[in-house]
Amino acid sequence: QYATAIEASSDYNTDAWSAVQAIGAPSHSGCAQGLAGSWAPLPPDTQTHTLTLDFGALVFAEGVRVWEHANPASASGFVKRVDVIDEQGTMHLVWQGTDTTVCGDVLDVRWERTSFLTQRVRLTTQTSFDAWEYVDAVQLVGQSSACIDGPRAPPPSPPPPCVSGSE
């Protein structure tokens with residue numbers, strides 16, 4: 001499922017590069033360097049920025065996919081941290097590391113399925129030099145059920161009742 005609502009630590013502007021541009025399915029393919037339609041933070045700097053995304057439906061989360069672009073293109077690979085937020089509002093770190101995507105790639109981050117339901121994810125981004133990071137779309141991967149083995153076989157039939165008889 002793709003994000004249905006979003007909050008950002010900052011927006012480049014209130015239109016073409018605002019946080020709402022990262023709602024829904026990706027709007028670009030390939031490296032969309034300098035093209036409107038993705039979220040970008042206000043300053044092109046090396047500070048951390050955050051996007052908090054709501055996906056509308058509760059799932060046991062096991063991953064996210066982030067469609068990335070950057071200006072300049074060499075600034076891609078900027079996601080540094082992923083937190084999931086439980087129903088009580090507590091953030092849980094599920095991934096922190098080095099994002100090695102190039103402009104136009106999809107960062108596919110996986111973790112062990114959460115033991116709690118969530119519909120919110122927070123991304124922390126940071127470029128390694130003064131640049132704009134662009135997030136075109138984010139998809140939450142998970143299941144609405146805690147079942148991990150797929151459909152379960154029905155329980156075995158109970159033994160037939162004891163029949164008393166004379167013989």
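**A conversation about the model**

Author: Let us start with T118, whose side chain reaches the backbone oxygen of R120 at 3.1 Å. Please bear in mind that this is a predicted model.

Reader: Where does T118 lie, and is T118 buried or exposed?

Author: T118 is part of strand β6. Its relative accessibility is 0%, and T118 therefore counts as buried, the limit being under 20%.

Reader: Which residues does T118 touch, leaving out those up to four places away in sequence?

Author: With those left out, T118 touches A57, L58, V59, A61, V84, I85, D86 and L140.

Reader: What separates the C-alpha atoms of E87 and T118?

Author: The distance between these C-alpha atoms is 6.1 Å, while the two residues stand 31 residues apart along the chain.

Reader: Where is E87 found, and is E87 buried or exposed?

Author: E87 sits in the loop between β3 and β4. With a relative accessible area of 54%, E87 is exposed. The cut-off for that class is over 50%.

Reader: Which residues is E87 in contact with, apart from neighbours within four places in sequence?

Author: Apart from those neighbours, E87 is in contact with L58 and L117. L58 is also among the residues that T118 touches.

Reader: Let us turn to the strands. How do β2 and β6 pair?

Author: β2 and β6, the latter covering residues 118-125, pair in the antiparallel sense over 7 bridges. As one example, D54 has R120 in β6 as its bridge partner. The backbone oxygen of R120 is also what the side chain of T118 reaches.

Reader: And how do β3 and β6 pair?

Author: Strand β3, residues 79-86, pairs with β6 in the antiparallel sense, over 7 bridges. Here V84 has V121 in β6 as its bridge partner. V84 is also one of the residues touched by T118.

Reader: How many helices and strands are there in the protein?

Author: The protein has 0 helices and 7 strands. Read along the sequence, the pattern is β-β-β-β-β-β-β.

Reader: A change of topic: how many disulfides does the structure hold?

Author: The structure holds 1 disulfide. This disulfide joins C31 to C103, with an S to S distance of 2.0 Å.

Reader: Which parts of the chain does the pair link?

Author: The pair links distant parts of the chain, 72 residues apart. C31 belongs to the loop between β1 and β2, and C103 to the loop between β4 (91-96) and β5 (106-110).

Reader: Why is the disulfide of C31 and C103 right-handed?

Author: The disulfide is right-handed because the torsion about the S-S bond is about 80 degrees.

Reader: How accessible are C31 and C103?

Author: C31 is partly exposed, with a relative accessible area of 36%. C103 counts as buried, at 13% relative accessibility.

Reader: Now the aromatic residues. How many aromatic pairs does the structure hold?

Author: There are 3 aromatic pairs in the structure. In one of them, the rings of Y2 and W67 have centres 5.8 Å apart and planes at 50 degrees, so the pair is tilted. Because Y2 lies in the segment before β1 (5-8) and W67 in strand β2 (residues 49-71), the pair ties together parts that are 65 residues apart in sequence.

Reader: How accessible are Y2 and W67?

Author: Y2 counts as partly exposed, at 27% relative accessibility, and W67 counts as buried, at 15%.

Reader: How are the rings of Y12 and W17 arranged?

Author: Their centres are 5.4 Å apart and their planes stand at 85 degrees, so the pair is edge-to-face. Y12 is partly exposed, with a relative accessible area of 33%, and W17 counts as buried, at 18% relative accessibility. Y12 and W17 form one aromatic cluster together with W132.

Reader: What share of the contacts with a separation of 6 or more comes from residues 24 or more positions apart?

Author: Residues 24 or more positions apart account for 77% of those contacts.

Terms used: Residues are numbered from 1 along each chain as its sequence is written. This is a predicted model: local features need pLDDT of at least 70, side-chain atom pairs count only at pLDDT 80 or more; totals for chains, interfaces and linings use all residues. Side-chain values use heavy atoms; hydrogens and water are left out. Rings of Phe, Tyr and Trp (its six-membered ring) pair if their centres lie within 6.5 Å; planes under 30 degrees apart count as stacked, over 60 as edge-to-face and the rest as tilted. Helices (H or I, at least four residues) and strands (E, at least two) are DSSP runs, numbered from the N terminus. Buried means under 20% relative accessible area, exposed over 50%, partly exposed in between (1.4 Å probe, protein chains only). Two strands pair if DSSP finds at least two bridges between them. A disulfide is a pair of cysteine sulfur atoms within 2.5 Å. Contact means heavy atoms within 4.5 Å. A polar contact is a pair of N or O atoms within 3.5 Å; within protein, one must be able to donate a hydrogen and the other to accept it, and residues adjacent in sequence count only if both atoms are side-chain atoms.
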